[in-house]
Amino acid sequence: MDLEIKDLSFSLRGKEILQDISLAVKRGEFVGIIGPNGSGKSTLLKHVYRVLQPQRGEIVLLGRRLADMPLAVSAQQMAVVGQFHTVAFDFSVYDMVMMGRIPQQRHGGRITRQDKAAVERALQLVGMDGMASRRFQSLSGGEQQRVVMARALAQEPRFLLLDEPTNHLDIRYQMQLLELAAGLDIGVLAVLHDLNLAAMYCQRLYVLKGGRLTAAGEPREILTPELVRQVYGVTCEVLRGQAERPVIVFGREAVVI
Ligand SMILES: Nc1ncnc2c1ncn2[C@@H]1O[C@H](COP(=O)(O)OP(=O)(O)OP(=O)(O)O)[C@@H](O)[C@H]1O
């Protein structure tokens with residue numbers, strides 16, 4: 001198992017934000033977390049990338065309790081692609097992606113041939129190799145997002161966390177990024193808003209509502225009109241697409257008042 005979250009609970013000022021969450025990602029598996037705004041998805045991921053500490057429960061990454069793992073070790077093993085990319089200095093694209101190598105560097109911070117090869121490969125994978133010398137801040141939102149993905153890939157992590165990674169991307173790059181993530185031979189846990197993309201790429205989904213898990217399983221098993229209505233308060237039809245994957249179709253009258 002690459003990641004196990006066991007009975008995780010977290011509250012802030014008396015408000016329960018996560019309650020008894022248990023979740024697992026197997027080796028090489030692409031697992032999605034879906035749920036409405038404010039349901040606790042980012043708070044859950046923040047526990048995995050160690051911005052927050054569990055108040056109850058525990059997290060095991062690659063066989064080791066996260067709480068016992070030095071930060072330098074988890075930083076080496078896990079990469080994170082978040083929603084917001086504020087950088088204090090206007091680095092070049094190449095330098096931004098090279099930062100992904102920092103956790104792996106052992107030669108007093110000296111850049112090796114291996115580091116350069118990892119950066120070039122990652123830039124190529126996200127289709128940004130032609131823009132390596134551009135300033136990060138001069139890029140469009142979608143280009144920035146692809147650079148941040150390249151930085152995560154350059155890190156050559158053993159586990160990848162994605163928090164709404166397709167936010168700024170057009171449909172081609174949304175699919176390219178998810179295809180890339182799904183094709184990695186490592187565990188990937190992704191928060192996704194687009195239910196159809198989640199159904200297309202994730203092997204399993206966990207559904208959060210009000211800080212609790214309301215469903216978990218393969219997309220074809222759990223993505224039903226009843227679940228979508230209960231969790232999001234909208235009606236839909238669920239058709240079957242390629243390989244029997246569910247395809248969710250909304251109408252304008254979908255919102256349940
Ligand atoms: N620092 C904080 N102080 C108070 N409330 C917080 C804090 N952080 C998160 N919350 C609340 O916890 C709940 C879960 O937030 P979280 O960001 O995890 O939701 P989310 O499912 O990722 O939402 P979204 O889809 O809108 O990104 C929300 O109600 C949010 O307002």
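Which residues in α4 meet which residues in α5? Before that selection is made, note that this is a predicted model, in which local features need pLDDT of at least 70 and side-chain atom pairs count only at pLDDT 80 or more, while totals for chains, interfaces and linings use all residues. Residues are numbered from 1 along each chain as its sequence is written.

**The helix pair**

Select helix α4 (residues 113–125) and helix α5 (residues 141–154); helices (H or I, at least four residues) and strands (E, at least two) are DSSP runs, numbered from the N terminus. On the α4 side, display Ala118, Val119, Ala122, Leu123 and Leu125, which meet Ala150, Leu153 and Ala154 in α5. Contact here requires C-beta atoms, placed from the backbone, within 7 Å. The residues of this contact comprise eight nonpolar, no polar and no charged (nonpolar: Ala, Val, Leu, Ile, Met, Phe, Trp, Tyr, Cys and Pro; charged: Asp, Glu, Lys and Arg; polar: the others, Gly among them).

The two helices pack at an angle of about 140 degrees, with their axes 8 Å apart. Axes are lines fitted to C-alpha atoms, for helices over the stretch in contact, and angles run from 0 to 180 degrees between N-to-C directions. α4 and α5 are therefore oblique to each other, given that angles under 35 degrees count as roughly parallel, over 145 as roughly antiparallel, 65 to 115 as roughly perpendicular and the rest as oblique.

**The ligand shell**

Next, select the ligand and the residues around it: Leu12, Ile17, Gly35, Asn37, Gly38, Ser39, Gly40, Lys41, Ser42 and Thr43. Each has its C-beta atom, placed from the backbone, within 6 Å of the ligand. Two residues of the shell are nonpolar, seven polar and one charged. Helix α1 (residues 41–48) supplies the largest share, three residues.

Move to aspartate 20 in strand β2 (residues 15–25). Its phi is positive, about 50 degrees, although the residue is not a glycine. Most residues other than glycine have a negative phi. Leucine 62, in the loop between β4 (56–61) and β5 (64–65), likewise has a positive phi, near 50 degrees.

Aspartate 20 counts as partly exposed because it has 14 C-beta neighbours inside 10 Å; leucine 62, with 19, is also partly exposed. A residue is buried with 20 or more other C-beta atoms within 10 Å of its own, exposed with 12 or fewer, and partly exposed in between.

**Leucine 161**

Finally, select leucine 161 in strand β7 (residues 159–163). Its 23 C-beta neighbours inside 10 Å make leucine 161 buried. Beyond four places in sequence, its contacts are Leu45, Val48, Tyr49, Met78, Val80 and Leu189.

Note on methods: Two residues are in contact if their C-beta atoms, placed from the backbone, lie within 7 Å.
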